[in-house]
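Dear colleague,

Please find below the structure that I am handing over to you.

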Amino acid sequence: MSVTSQPRVDTLIDNALCPDGRAARILVNAEGQVIDIVTPESNVTAGTVHDVEGRLVIPAMADPHAHVDKALTADVAPNATGDLRGAIDAWIAAETAGLFTHDDMVDRIRRSLRQSLMAGCLSVRSHLNIGGRVGITHIEAALAAASDFRELMDIQFVAMSHNPSIGPGSEHNVEAINGAIAAGVEVIGGCPHLEPDPAAAVAAALDRAEATGRPVDLHTDETLDARVLTLELLAAETARRGLGGRVAASHCVSLGMCDTATQQRVADATAAAGVAVVALPQTNLYLQGRDTPTATPRGLTAVHALRAAGVTVAAGADNVQDPFNLVGRNDPLETAALMVMAGHLLPADAFACVSAAARRTMGLPAAGPARGAVADLVALPSATVRAAVADAPVDRMVFRRGRLVADTRITRTAVI
Ligand SMILES: [Zn+2]
């Protein structure tokens, strides 16, 4: 910790509590980068001063896997049975009834992004349905909704096509994929495990990634059937093409059902290939295991085996208050708590899943109260990162590149 004053300080975040327990002043330059963290006694002159009044300052969070086109539809598309069949029926009924208009979708996506912003989640990667009946209308709505948020958040949209994306019957979906790319979607997506030929679908997604210079993020599987190891196909193909660092595998639930030797083999291949894995505890705990009433398995990938092998393991919220998951609040601290309770991670590691690891998965530079990091920060009234994950306080000050962009203060009283 330096005690010298800094000449290039644009913003001073004062009275901060750092995750390591030190009281500090955080110095941010005009480019929105943390240039130093100094003691409270240090003499600093800055253009703007934000007093966070002793709050804990942590990295702004990131959600590497959302579905903002579906978000916040739980009441307009009610899932009568609460399960996957009910979700699909509810979605199709509402879509057929014309409830998902462009204006409605723009409004919901804006509300969803605003929830993320207020929660201190400044980086969101969202998959969007394309093809089938919807063409690229969801992409058009999402791009319109996101336009006002681009300065405030890192937003990446993933073109997730209906099946099939290759072979007979795929013409309309391929047209949508090409349309989404032309419209500016940032990431190539898809659901290869639902395709007639998963290996060919994985290869086709990576072909598109190479041809367009875009990263890939695939719904690799969402099943408790341990035989469905699309992740292994993706790892092999990624390694063969040398695309490590640009490929993410989402869900990967089946790996959690495999024996330990298989988990280790697949985890080693995934690490060697440089494929990141995104766990989605919220929706997969909600949807999977419903047909196993006794000793119900957890719908979660093999978090420990993957981490032990050196795989970047991130975690996201996935579905938020839609027919596929009736709860959720676009708060990565909720996801982190689930990674503690259902994934058995230590709180600091669970928090990394929704911050540093999520940013790596999205190809973003490090953020947080550290010299040289992006000054995307959240100040909240907790003493430690563990307490922040446990409390998930609503009270949050959110800084984007050092600029205060959301501020929620809560007053609570009780007679005792
Ligand atoms: Zn998903």
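Please note that the model is a predicted one. On the side of α2, the contact is formed by His 102, Met 105, Val 106, Ile 109, Arg 110 and Leu 113. Facing them in α3 are Thr 137, His 138, Ala 141, Ala 142, Ala 144, Ala 145 and Ala 146. Sorted by class, the contact of α2 with α3 comprises 9 nonpolar, 3 polar and 1 charged residues.

Two further helix pairs deserve a description, and they share helix α6.

The pair α5 and α6 comes next. Helix α5 spans residues 198-212 and helix α6 spans residues 230-241; they pack at an angle of about 40°, and 10 Å lie between their axes. This angle makes α5 oblique to α6. The crossing of α5 past α6 is right-handed. From α5, the residues in the contact are Pro 198, Ala 199, Val 202, Ala 203, Leu 206 and Glu 210. From α6, they are Thr 230, Leu 233, Leu 234, Glu 237, Thr 238 and Arg 241. By class, the contact of α5 with α6 holds 7 nonpolar, 2 polar and 3 charged residues.

How, then, is α6 placed against helix α7, roughly parallel or roughly antiparallel? The axes of α6 and α7 (residues 260-273) cross at roughly 30° and come within 8 Å. Angles under 35 degrees count as roughly parallel, and α6 and α7 are therefore roughly parallel to each other. Here α6 passes α7 in a left-handed crossing. In α6, Leu 231, Glu 232, Ala 235, Ala 236, Thr 238 and Ala 239 take part in the contact. Their partners in α7 are Val 266, Ala 269, Thr 270, Ala 272 and Ala 273. The classes in the contact of α6 with α7 are 8 nonpolar, 2 polar and 1 charged residues.

I turn now to the chain as a whole. The chain contains 13 helices and 16 strands. Its radius of gyration is 22 Å, close to the 22 Å that the globule rule gives for 416 residues, so the chain is as compact as a globular protein of that length. Along the principal axes, the C-alpha trace spans about 70 × 50 × 50 Å.

Finally, the domains. The domain assignment divides the chain into domain 1 (11-60 + 367-408) and domain 2 (61-361). Taken over C-alpha atoms, the centres of the two domains are separated by 30 Å. Between them, 17 residues of domain 1 are in contact with 20 residues of domain 2. Which elements supply at least two residues each to the side of domain 1 that touches domain 2? They are α13 (385-391), β15 (396-400) and β16 (403-408). Among these, α13 gives the most, with 5 residues. By class, that side of domain 1 has 12 nonpolar, 1 polar and 4 charged residues.

With kind regards

How values were computed. Residues numbered from 1 in each chain as written. Predicted model: local features only at pLDDT ≥ 70, side-chain atom pairs only at ≥ 80, totals over all residues. Contact = placed C-beta atoms within 7 Å. Helix = DSSP H or I, 4+ residues; strand = E, 2+ residues; numbered from the N terminus. Nonpolar A, V, L, I, M, F, W, Y, C, P; charged D, E, K, R; others polar. Domains from an automatic or database assignment. Rg over C-alpha atoms; globule rule 2.2 N^0.38 Å. Axes fitted to C-alpha atoms, helices over the stretch in contact; angles between N-to-C directions. Parallel < 35°, antiparallel > 145°, perpendicular 65-115°, else oblique. Left-handed = near helix turned anticlockwise from the far one by under 90°.
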